[in-house]
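Here is a short report on a few local features of one model. Look at the sequence and the structure first, then read on.

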Amino acid sequence: MRLVSYHHHGGPDVLRVEEVPVPVPGPGQLLLRTDAVGVNFIETQLRSDSAPFPSPLPGRPGGDVVGRVEALGPGTEGPAPGTRVAAYGVSGAYADHVLAEAARTLEIPEDIDPATATALASTAQVAWSVLDVARLAPGESVLVHAAAGAIGHLVTQLAKRRGARLVIGTVGSPAKDGFVRAHGADEVVDYSRPDWGDRVRELTGGAGVDVVLDSVEGAVFQEGLRLLKPFGRLVYYGFADAGAKPAQVTMTDLLGLKSVIGTSFDAWTQAAPARAAEARADLVRLVADGDLRVAVHAVLPLAEAAEAHRIIEARTQLGRVVLIP
């Protein structure tokens, strides 16, 4: 079978298609025949060795996989062979076959196309989780950073469904304005402009926002913290501003009755398994019914994984970038 990997760090061209044996599932694992792979931003950071944690070699990019169960590992309880599933946290995901942890899969209806279904593996669940962690209440205002991205365009829609009074999406280019508005944002702000924070203050009558959802960090973090109202919450869940120094928070930053909450998808699913299970069921229904719209920016063949990384690094995508074996 084919597997995309890299043996040294660098630009997208270090990605290579190799021929390797089909893996054998172990306890707790499923062997999936891959139908689609959602490409996640973190993999571009790992490939370039710009992630804030080690990136060992050889590298085999992970991702969100939609596929059919072909076999179960010894003693594994899970969906029967032939079942269509989505799986998150899959190592070596850019491949014809992958191993997935049974606990990290969910069944996918046949009428959801594979590229769209990749969002159900993690990005839609992450979007749900950050709003859950933020405890967004009806009538509140929320600032969503990177609102045109694979997670951001889902967050804006889900925030409106939760009753947010005002959803402000930030983008790195004015060309993304229309897309973000079409996916739930009431207002859009270009965070590449030095006065972007003043624009948010203007839109909120000087009051600021109740919630900031920050997957960018870097240059926008401190201003986001300043934009919080009293009792406001900043949820930190990503670091897309590659190369920036890690954000620093002092206790005096919080004296205005502000909170900073760090979260990861795994931490949320482990701490709130019942809410995570409810979220998965609701998200499948919302996507199947068309009430949560997943934007797919590009669908590329597996051999063009390098181009998928180029698109993401260029910050031009609107929604998901997907590989098809």
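Asp 49 is partly exposed, with a relative accessible area of 43%. Partly exposed lies between buried (under 20% relative accessible area) and exposed (over 50%), using a 1.4 Å probe and protein chains only. This is a predicted model: local features need pLDDT of at least 70, side-chain atom pairs count only at pLDDT 80 or more, and totals for chains, interfaces and linings use all residues. Residues are numbered from 1 along each chain as its sequence is written, and side-chain values use heavy atoms, without hydrogens and water.

Most residues other than glycine have a negative phi, and most peptide bonds are trans.

| Residue | Phi | Relative accessible area |
|---|---|---|
| Asp 49 | about 60 degrees | 43% |
| Arg 315 | about 60 degrees | 38% |

Asp 49 sits in the loop between helix 1 and strand 4. Pro 58 is placed in the loop between helix 1 (41–48) and strand 4 (63–72). A cis peptide bond joins Leu 57 to Pro 58, with omega about -5 degrees. Arg 315 belongs to the loop between helix 10 (305–313) and strand 15 (320–324). Helices (H or I, at least four residues) and strands (E, at least two) are DSSP runs, numbered from the N terminus.

Now the helix pair. The crossing of helix 3 and helix 4 is right-handed, meaning that the near helix is turned clockwise from the far one by less than a right angle. Contact (heavy atoms within 4.5 Å) involves residues including Trp 128 of helix 3 and Leu 158 of helix 4.
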